Amino acid sequence: RGENLPRTGTAGQTGIEKSYDGWLRGSDGETAQMFDASGQPVRSPYLVREPVTGSTVHLTLDGHLQKVAQDAIGRGIQIALNDRQYFADSGAVVAMNPDTGAIYAMASYPTYKPTVWVPPYAGNGRVTDPNNKLTPQVDKSYAGSYPPGSTFKPITAVAAWMSGLIGPGSTRACTTSFQSPNDFSHHTFNNWGPVNAVIGLSKALEISCDTFFYRLGDQFYDRYQAGSNVFQQWIRKLGYGAAPTVDVPGAVSGVVPDQHWKAHYPPFVNGPNPSIDTLWE
């Protein structure tokens, strides 16, 4: 496994290369050569130790799908920027087999060319994005810590269904805005579009209605006030709060807010959205 790596040797620094470096490397061979006083070689070199080939690793990644995913992020961000959504500056795509966990594509944007680490470029500060403010070397697909956004709606839906908040035939209002009666700051949570209708769960997921799910979240908060952590329990059952089981280093676990988190991580007094914390008071 290449434990005898010389001090001048190079090793995988991140991702799969780092995880499997010891298996892929094998062992170096060694030859000996005699030289005369002037530094000229004498006789032919001879083999002292045969090199040993490292193991072979077969990835589940699909090269074509990986490129499609990487290109899609860039195109999506460009579309958002053209629409003056200037906060859209990074993203990630993961395509996997839900039955086996095999990952077919894992793309992160912005990215960089691995050659920036190869001399003479290594260490010259070129691993930056054009705006010099992001961190391309952080893989957003497993090492970034970001709010999940609308991808969290199916999690809320499962938790609400399994805990009895909703069921067959249940409906909620999908309005242009929502104010929680539990929020004494009276913050207005807006929907993504001008929708005003009473809809069921399947339609709410189809059109990604924000206020439908805000109402479900508010009902979960009512249970939270009564001492129930059923929402957090379902969030954890569905994988949040634990690092993904990928064989690359640096994966983060994320946070599932509950009473323990609230007690140990007090809110920012002048945070960007204090009403979010008010919902937990």
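**Exercise 1.** Determine how H4 and helix H7 (residues 230–237) are oriented where they pack, and which residues make the contact.

*Solution.* The axes, which are lines fitted to C-alpha atoms over the stretch in contact, with angles running from 0 to 180 degrees between N-to-C directions, come within 9 Å for H4 and H7 and cross at roughly 125°. That makes H4 oblique to H7, since angles under 35 degrees count as roughly parallel, over 145 as roughly antiparallel, 65 to 115 as roughly perpendicular and the rest as oblique. The contact, meaning heavy atoms within 4.5 Å, joins Ile 155, Thr 156, Val 158, Ala 159 and Met 162 of H4 to Phe 231, Trp 234 and Ile 235 of H7.

The model is predicted, local features need pLDDT of at least 70, side-chain atom pairs count only at pLDDT 80 or more, and totals for chains, interfaces and linings use all residues. Residues are numbered from 1 along each chain as its sequence is written, and side-chain values use heavy atoms, with hydrogens and water left out.

**Exercise 2.** Describe the packing of H4 (residues 153–162) against H6 (residues 210–225).

*Solution.* The axes of H4 and H6 lie 10 Å apart at an angle of about 45°, which makes H4 oblique to H6. From H4, Lys 153, Thr 156, Ala 157, Ala 159 and Ala 160 meet Asp 210, Phe 213, Leu 216 and Phe 220 of H6.

Notes
Helices (H or I, at least four residues) and strands (E, at least two) are DSSP runs, numbered from the N terminus.
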